[in-house]
Amino acid sequence: MNCPSVPVSGLHVISPEQVELYMSSAEGIFTCQLCGKQFPQNKSNCKRHILFLHTATSQADCPHCGKTYRTEQSMKSHMRQTHGVYSK
């Protein structure tokens with residue numbers, strides 16, 4: 001899912017330690033201050049959203065074809081679907 005007010009790359013120059021600075025909460029709804037996406041009653045999903053979509057720290061490369069993914073989970077899914085490789 002793309003954030004409406006974030007460039008296509010979705011990256012901002014923030015460190016993982018700064019994530020909570022870009023979150024706000026009102027009446028149990030956590031909001032990403034970078035793009036406005038809301039997470040009702042779920043601070044951890046808001047944090048994960050900011051880490052994976054708005055920082056340049058996450059990266060995983062497929063060992064079979066070299067394609068780069070934002071998360072290890074996405075890369076493992078690619079390996080299963082594209083290369084038939086199932087890992088533990």
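Visitor: Why is His78 called buried?
Guide: Buried means a relative accessible area under 20%, exposed means over 50%, and partly exposed lies in between (1.4 Å probe, protein chains only). His78 has a relative accessible area of 9%, so His78 is buried. Please keep in mind that this is a predicted model: local features need pLDDT of at least 70, side-chain atom pairs count only at pLDDT 80 or more, and totals for chains, interfaces and linings use all residues. Residues are numbered from 1 along each chain as its sequence is written, and side-chain values use heavy atoms, leaving out hydrogens and water.

Visitor: Where is the place of His78?
Guide: His78 belongs to helix 2, which covers residues 72-83. Helices (H or I, at least four residues) and strands (E, at least two) are DSSP runs, numbered from the N terminus.

Visitor: What makes the link between the side chains of His78 and Tyr69 a polar contact?
Guide: A polar contact is a pair of N or O atoms within 3.5 Å; within protein, one must be able to donate a hydrogen and the other to accept it, and residues adjacent in sequence count only if both atoms are side-chain atoms. The two side chains make such a contact at 2.7 Å. In the wider sense of contact, heavy atoms within 4.5 Å, His78 also touches Cys62, Cys65, Lys67 and His83, among others, when neighbours within four places in sequence are left aside.

Visitor: And Ser74, is that residue buried, partly exposed or exposed?
Guide: Ser74 also sits in helix 2. The relative accessible area of Ser74 is 34%, so Ser74 counts as partly exposed.

Visitor: Why do Cys32 and Cys62 count as buried?
Guide: Cys32 has 1% relative accessibility, so Cys32 is buried. Cys62 is buried because its relative accessible area is 3%.

Visitor: What makes up the largest nonpolar core?
Guide: A nonpolar core is a set of buried Ala, Val, Leu, Ile, Met, Phe, Trp, Tyr and Cys residues joined through side-chain atoms within 4.5 Å. The largest one has 8 residues: Met23, Phe30, Cys32, Leu34, Cys35, Phe39, Cys46 and Ile50. Another core, of 5 residues, lies apart from it and includes Ala60, Cys62, Tyr69 and Met79.

Visitor: How do you know that strand 1 and strand 2 pair?
Guide: Two strands pair if DSSP finds at least two bridges between them. Strand 1 and strand 2 (residues 29-32) are joined by 4 bridges and run antiparallel.

Visitor: What order do the strands of the open sheet have?
Guide: The 3 strands follow the order 1-2-3, with antiparallel pairing. Strand 1 (23-26) and strand 3 (38-40) are the edge strands, since each pairs on one side only.
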